[in-house]
2 protein chains.
Amino acid sequence: MTGDLRSHLKLYVIPDLRAGAPRSLMEQARAALAGGAGTVQLRHKTASGRELCRLGEALAALCDDAGALFFVNDRLDVALACGASGVHLGLEDLPVAVARRLAPPDFLVGATARTPEQALRAWKDGADYLGVGAVAPTPTKEDTTVIGPEGFAAVAASVPLPCVAVGGITAAAVPDLRRRGAAGVVVVREAVGAPDPAEACRRLRELLDA
Amino acid sequence: MTGDLRSHLKLYVIPDLRAGAPRSLMEQARAALAGGAGTVQLRHKTASGRELCRLGEALAALCDDAGALFFVNDRLDVALACGASGVHLGLEDLPVAVARRLAPPDFLVGATARTPEQALRAWKDGADYLGVGAVAPTPTKEDTTVIGPEGFAAVAASVPLPCVAVGGITAAAVPDLRRRGAAGVVVVREAVGAPDPAEACRRLRELLDA
Ligand code: NI
């Protein structure tokens, strides 16, 4: 399943209680997978460790059944505990080198990068893919730095790792981001905030497969 | 250092930014160790993973120099990353069995228990010691259940593990808790909230060694 990492990263969905209300994270993930998501991430900053484990186990089983990858944000311990494909590490999360050292070799480590310097560092530290952004402003993460499509392209060109575009991604932006080297896109609102999340994912998939 | 777990647990200090203001967690830990603390725990619910790693590495080195044990609350990944003696798992943190499965055999796992049932479960799941309480009301954790000294004694009598009394512990309560089977006490405010935390720890040590 991880041999084709790049193809799994095409459509990367992060369920979100606020953006996807009133649907649960499980319901959102199920719809995303039905619509063709190849990767799902568990990100829930206010959940307890125990709740994250429960959610992680349920999401890991769901993704496994769908042949999709499953990442846990920040919490390497939760990711290892629930049998996730890997962990995604933001710039303020555990360092990539630490995760690489603690996790088994086939465990995937994703990292966030906003600049070519951060991307090179993450690559050298053993990251398997990069989430690069924010490409556009987003209400999901209000405090983040916006680098635009040009910023994305500069980072993607700097390392031999699959780079997924993240932050305020809309369907309309997909063709341009693909031309700029995006292996895929990370979506929250554009997928789970849609009236029909599965259908929204199907439309994103079409644009990504074109 | 861990062969004498019980003696290290006698005086268990948790630095706290609020209770110990304006001192930093490092300053509080240094004072506690100077006053005879045998164990220090890193608990900081709002710090990022990266900040926890930085703090954990600094505290682990400090405790190592002092011959004290060092635990990280909840975050097994941070505990493993910074070379802590172990992890402490509250009732809403990672399950004990999960930590036991992921960590090396000599890594210590502490668990919280309020009832004999929870204590037996934690023991069977592989916990090395129990934090039992809250013995008294405490402003550090306002939502917690108070079990009193009798509740502490009932839990401590139910398992063959060292049990430390936690929650609103004062120096005045120490002799009674020792008679009721406490291997030691976990203190926040009573140690780091004192005008002279090292001196407060020295007085607690005297009561504990009596
Ligand atoms: Ni020792």
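## A guided tour of a two-chain model

Start by selecting chain A: of its 210 residues, 57% count as buried. Keep in mind as you look around that this is a predicted model.

**Stop 1: chain A as a whole.** Show chain A as a cartoon and you can pick out 10 helices and eight strands. How does the radius of gyration of chain A fit a compact globule? A compact globule of 210 residues would have a value near 17 Å, and the 15 Å of chain A agrees with that. Next, think about how the chain folds back on itself: if you take the contacts between residues at least 6 apart in sequence, 58% of them join residues at least 24 apart.

**Stop 2: the surface of chain A.** If you colour by charge, you will be looking at 23 positive and 24 negative charges, whose mean positions are 2 Å apart.

**Stop 3: Val109(A).** Select strand 5 of chain A, residues 108-113, and find Val109(A) within that strand. Is Val109(A) buried or exposed? Val109(A) has a relative accessible area of 0%, so it counts as buried. Show the neighbours next: leaving aside residues up to four places away in sequence, Val109(A) touches several residues, including Val87(A), Leu89(A), Val96(A), Ala99(A) and Tyr129(A). Arg100(A) and Asp128(A) are also among the residues that Val109(A) touches. For a sense of distance, draw a line from the C-alpha of Val109(A) to that of Val174(A): the two are 65 residues apart along the chain and separated by 24 Å.

**Stop 4: helix 7 of chain B.** Move to chain B and select residues 148-156, which form helix 7. Which residues of this helix are buried? They are Gly148(B), Gly151(B), Phe152(B), Ala153(B), Val155(B) and Ala156(B). Display what surrounds them, and you will see these buried residues packing against strand 5 (108-113), helix 6 (116-124), strand 6 (129-133), strand 7 (163-166) and helix 8 (174-179) of chain B.

**Stop 5: the two chains together.** Finally, show both chains. Chain A superposes on chain B by a rotation of 180 degrees with 0.0 Å of shift along the axis, at an RMSD of 0.0 Å. The two copies are therefore related as by a two-fold rotation axis. To locate that axis, select Asp77(A): its C-alpha is the nearest to the axis in chain A, at 2.4 Å. Both copies use the same surface, as 100% of the contact residues of chain A recur in chain B.

Technical notes. Residues numbered from 1 in each chain as written. Chains lettered and ligands numbered in written order. Predicted model: local features only at pLDDT ≥ 70, side-chain atom pairs only at ≥ 80, totals over all residues. Heavy atoms only, no water. Helix = DSSP H or I, 4+ residues; strand = E, 2+ residues; numbered from the N terminus. Rg over C-alpha atoms; globule rule 2.2 N^0.38 Å. Buried < 20%, exposed > 50% of the residue type's maximum accessible area, 1.4 Å probe, protein only. Contact = heavy atoms within 4.5 Å. Lys, Arg positive; Asp, Glu negative; His and termini not counted. Charge placed at Lys NZ, Arg CZ, Asp CG, Glu CD. Least-squares fit on C-alpha atoms with pLDDT ≥ 70 in both.
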